[in-house]
Amino acid sequence: MEKKITMKYSYKNVAVQKASVIVILIFTFMNNGYSQDFKLAGIQYNNYQKSELKNDSGNQEISFQEFGAFVNFPKKLKNNKTVLVNGFGYGFVEASLDNQLFPSNENDKKLQSFYYQLTLLHQWNEKWNLAVNLTPTLSSDFEAKLSTDDFVFQGAVTATRKFSSTFKLGGGLAYSARLGSPQLIPLVNLHYKNNKHEINAVLPINAKYTYSLLPSNKLDLGVKYNLNGGNFNVYSEDNSIDKINYSRINFGVLADYQLTKILRLEAFGGLSAGRNYSLIDADDTAYDFDSESAPFFSVGIVLVPPKRK
């Protein structure tokens, strides 16, 4: 009886060890060949403070609260050069709008998005790698029956070259709704790391610089900017509004604290500018608005690959 228990415990240990080795290999592959900012899972909350609409005498204001969650499942293929990542995500947006923007007297609009993300990461050789991403997205207020207008297909492809142990540069193309309506966006992918200094950028979508502090580099402080936006199909009682598009540019300071080897707390805050909105009716007529710059903050907790020493 004692022998059987020992054998069972031994098999369990072997299974755990194999799983750990697979996870470490995938983390190592992603760290060596791709962005150092890959995230396995996370939750995030964003708050965009009230901002007055421009060219408006009524002092009308608009604000946003956003919540998001995602999870990614990487799998290394048998060729040892390719990783396939299946990802799922959810986003919730509460927009506090003025009555004049919504004739149906809807002061608060609740918007939701669900997406599936398929990412292929392939390393040709020691210098070149390729990343292909396809993201079908469902974006709606879910107040009416779903239609093809509720679906948005997004994606990106980038090729990156490793020039040295500290510098990588590449380029590609994305089809994204980050600028409000879905459109093609040329990309420049850049990564630089030297001692405690690090730069990660996918221009013009985002860029950040961080400097590592504390023992084991547990704390990263720096600056960041990103383009953020959405495209949602909505319902209004009088059929006056069919879609809501919005975009903004966020820039400010960030702090990332490594709670454990793979768990990280993130905070980002500053100024949200270029806050543009488009309300589109059933005839595809767009009513464009924008608002003054205003403060924002973002907090989240994410699961990440362990840092390379």
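Predicted model: local features only at pLDDT ≥ 70, side-chain atom pairs only at ≥ 80, totals over all residues.
View 1. Asn245 belongs to strand β12, which comprises residues 243-258. A polar contact of 2.7 Å joins the side chain of Asn245 to the side chain of Asn231. When neighbours within four places in sequence are set aside, Asn245 is in contact with Gly180, Ser181, Gly230, Asn231, Phe232, Asn276, Tyr277, Ser278 and Ile280.

**View 2. The salt bridge between Lys109 and Asp141.** The side chains of Lys109 and Asp141 form a salt bridge, with an N to O distance of 3.1 Å. Distant parts of the chain are linked by this pair, since Lys109 is in strand β4 and Asp141 is in the loop between β5 (128-140) and β6 (151-162), 32 residues apart. Lys109 is buried, at a relative accessible area of 1%, and Asp141 is also counted as buried, at 6% relative accessibility. Side chains of opposite charge can pair when their charged atoms come close. By the rule applied to the model, the count of salt bridges comes to 8.

**View 3. Phe114 in strand β4.** Phe114 is located in strand β4, residues 108-123. Its relative accessible area of 38% places Phe114 in the partly exposed class. The C-alpha atoms of Phe114 and Leu138 are 5.1 Å apart, although 24 residues separate the two along the chain. Residues up to four places away in sequence being excluded, Phe114 touches Gly89, Tyr90, Pro136, Thr137, Leu138 and Phe142.

**View 4. A nonpolar surface patch that includes Leu184.** Val157, Leu173, Tyr175 and Leu184 make up a nonpolar patch on the surface. Together these residues present about 350 Å² of accessible area. Leu184 is part of strand β8, residues 183-194. With 57% relative accessibility, Leu184 is counted as exposed because the limit for that class is over 50%.

**View 5. The salt bridge between Glu198 and Lys193.** The side chains of Glu198 and Lys193 meet in a salt bridge, at 3.7 Å from N to O. Glu198 is counted as buried, with 13% relative accessibility, whereas Lys193 is counted as partly exposed, with 31%.

**View 6. A network of salt bridges around Arg264 and Glu266.** Lys39, Arg264 and Glu266 are linked in a network of salt bridges. Within it, the side chains of Glu266 and Arg264 meet at 2.5 Å, N to O. Glu266 is buried, at a relative accessible area of 11%, and Arg264 likewise counts as buried, at 7% relative accessibility.

**View 7. The hairpin of strands β13 and β14.** Strand β13 (residues 263-280) and strand β14 (residues 286-291) run antiparallel and are joined by 6 bridges. Ile280 of this view stands opposite Ala286 in β14. The two strands form a hairpin with 5 residues between them. In the turn, Asp284 has a positive phi of about 65°.

Notes. Residues numbered from 1 in each chain as written. Heavy atoms only, no water. Helix = DSSP H or I, 4+ residues; strand = E, 2+ residues; numbered from the N terminus. Polar contact = N/O pair within 3.5 Å; in protein donor to acceptor, adjacent residues only side chain to side chain. Contact = heavy atoms within 4.5 Å. Buried < 20%, exposed > 50% of the residue type's maximum accessible area, 1.4 Å probe, protein only. Patch = residues over 30% accessible without salt bridge, like charges linked within 9 Å, V, L, I, M, F, W, Y side chains within 5 Å. Areas by Shrake-Rupley, 256 points an atom, 1.4 Å probe, with all protein chains shown as cover. Salt bridge = Lys/Arg side-chain N within 4 Å of Asp/Glu carboxyl O. Pairing = 2+ DSSP bridges.
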